[in-house]
Amino acid sequence: MSWLTNFVRPKLQALVRKNNVPDNLWEKCPGCGQMIFHRELEANLRVCTQCGHHLRLTWQKRLGLLFDDGAFGRIELARTDPDPLKFRDRKRYGERLKESQAKTGEQDAIVVAHGTMGGLKTVIAAFNFDFMGGSMGAAVGDGLIAAARLAVAEKAPLIVIPASGGARMQEGIISLMQMPRSIIAVDEVKEAGLPYIVLLSDPTTGGVSASFAMLGDIAVAEPGAVIGFAGARVIEETIREKLPEGFQRSEYLLEHGMVDLVVPRAELRETLIRILRLLRQPRLDATGLVPYQAV
Amino acid sequence: MPTFLDFEKPLAELEGKIEELRHLENSGDINIAEEVARLQAKVDKLLRQTYAKLSPWQKTLVARHPERPHFLDYTGRLIEDFTPLAGDRSFADDHAIIGGLGRFRGRSVMVIGHEKGSDTAARVQHNFGMARPEGYRKAQRLMDMADRFRLPVLALVDTPGAYPGVDAEARGQAEAIARSIETCLRIRVPLVAAIIGEGGSGGAIALAAGNRVLMLEHAVYSVISPEGCASILWRSAEQAKEAAEALKLTAEDLLKLGVIDEIVPEPLGGAHRGAAETIQALGDAIERSLGQLGQENGDSLRRLRREKFLEMGKRSLG
Ligand SMILES: [Zn+2]
């Protein structure tokens with residue numbers, strides 16, 4: 001797995017592409033309900049200019065914001081049997097998969113990318129929420145394993161960015177088995193002495209939260225992200241408890257000691273780079289930063 | 001008389017008749033004894049027929065049967081000198097997960113599992129087997145202790161799922177489950193898990209990432225309950241039967257998928273009609289597993305366990 005395989009410097013055009021939405025559209029902020037001019041919202045990293053609500057980002061935008069110059073390479077993920085149970089609800093799972101693949105142009109709900117952040121080699125595995133709600137099945141588990149192994153092979157830190165409603169129900173027990181599999185993956189990174197950082201984005205719930213997502217050496221959350229195990233509706237309906245203000249939001253988790261930092265989107269890249277440098281460049285010489293060296 | 005499930009109605013009627021006749025038996029009428037024997041044979045035949053082809057939904061009901069043996073029934077019969085150890089050393093003792101030291105057929109072990117409770121008061125006390133973070137943190141503590149003293153861990157899984165409550169979320173339910181799975185995967189002693197009733201989602205895998213995963217014949221193990229799955233994918237909990245079929249949650253299917261290693265047979269009519277036999281059979285299966293794992297050293301126990309889970313998902317149902 002060579003670092004530079006299929007490394008492509010993205011065209012500037014691709015970075016500022018607006019998901020085929022015409023420029024003259026207005027978008028309603030889910031936080032305050034205000035209509036915001038699309039271009040203005042994009043320019044502000046999809047953070048509401050009125051109330052500061054962080055709208056969801058596509059994985060492309062997300063990676064473009066984090067890597068140096070927005071440049072990254074992707075690795076191809078091996079394909080396993082996508083439908084081990086031959087699952088069918090009102091529709092065949094196989095059909096649902098094909099629809100999501102057509103809609104997103106992606107094979108499944110995870111993208112594994114590599115590049116540099118602040119000059120440091122970094123591997124990022126980002127969930128694609130648009131693909132079946134970012135749900136975790138075998139392909140996502142395989143993606144996390146591939147990302148972890150790439151990080152170990154390249155002696156690079158691993159950053160995982162979940163955006164997921166939880167398990168892929170259509171894969172039944174196999175989706176549950178991704179909890180131990182993903183934990184083994186991130187443990188391999190930790191055992192190699194490399195940083196494993198989780199950037200919790202909206203939403204991170206269910207089996208995804210109860211596995212690799214809560215095991216980061218450092219857990220950074222975006223403001224207002226929903227993070228938790230049980231769905232709020234399930235809690236309300238089955239237990240009939242009233243949910244406290246801000247329940248299962250990033251700030252609530254920070255207060256309860258479950259995450260390290262809540263960082264606004266505009267400061268994410270610099271914060272992550274600062275953390276990576278502190279962990280990976282423990283000594284500075286007189287001239288400033290010691291050039292990055294692999295362990 | 002046991003509690004009859006809906007699909008056991010014909011059985012309930014027959015057993016009711018037998019019960020009535022038994023009251024008359026003391027009169028010494030030989031015909032009554034014959035009739036009882038005839039009806040009993042009919043009951044056995046019907047039980048055999050019914051239980052030979054339980055649907056996934058029917059298995060779900062059997063797995064949840066209130067008279068099915070629970071954790072404390074197993075420790076009562078299988079574990080000598082059982083010494084429960086309480087608390088997570090940080091917040092509380094969770095009664096939904098019980099764990100402690102004991103002696104299983106001569107060897108010291110750490111036994112951990114969910115307890116659902118067998119009457120109303122006990123069900124409330126044990127929160128119906130739905131653990132809070134404290135439960136999973138106690139499990140982590142006990143697994144680490146077992147690792148330190150090189151004791152095998154036996155995990156008995158029987159839970160509808162982790163407790164979905166505000167307090168549980170506030171104290172980090174997700175993190176507690178994640179760490180518990182991580183602990184299962186880290187320890188260097190044999191970990192034998194058994195799904196004895198309901199293997200409900202994250203709350204189950206928190207204890208079940210073992211070297212060997214055994215499963216009782218009519219137990220179920222799933223990422224979500226059939227009702228939950230139906231209400232999301234079919235938009236109505238009414239479709240629970242269909243969801244149970246689709247989820248492939250029976251021991252037979254899970255064995256084919258490589259998710260479990262062995263099916264432990266239940267007596268005729270399910271574990272709730274023969275607790276002693278069921279517990280004995282599981283004990284024998286655990287002993288066999290421990291015997292096989294006894295050959296491996298700590299590092300290979302850990303490595304083999306991790307490889308086993310990494311391999312999962314490679315087999316599919318035709
Ligand atoms: Zn707003």
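Strand β6(B) spans residues 212-216 and is mostly covered, with 5 of its 5 residues buried. Strands (E, at least two residues) and helices (H or I, at least four) are DSSP runs numbered from the N terminus. Residues are numbered from 1 along each chain as its sequence is written, and chains are lettered from A and ligands numbered from 1 in the order in which they are written. Because the model is predicted, local features need pLDDT of at least 70 and side-chain atom pairs count only at pLDDT 80 or more, while totals for chains, interfaces and linings use all residues.

Strand β5(B) (residues 191-200) pairs with β6(B) in the parallel sense over 4 bridges, pairing requiring at least two DSSP bridges. B:R212 in β6(B) is the bridge partner of B:V192. Strand β8(B) (residues 262-264) runs parallel to β6(B) and is joined to it by 3 bridges; here, B:E262 in β8(B) stands opposite B:L214.

Between the chains, 42 residues of chain B are in contact with 45 residues of chain A (C-beta atoms, placed from the backbone, within 7 Å). On the side of chain B that touches chain A, α8(B) provides the largest share, 8 residues.

Conventions: Buried ≥ 20, exposed ≤ 12 C-beta atoms within 10 Å, placed from the backbone. Contact = placed C-beta atoms within 7 Å.
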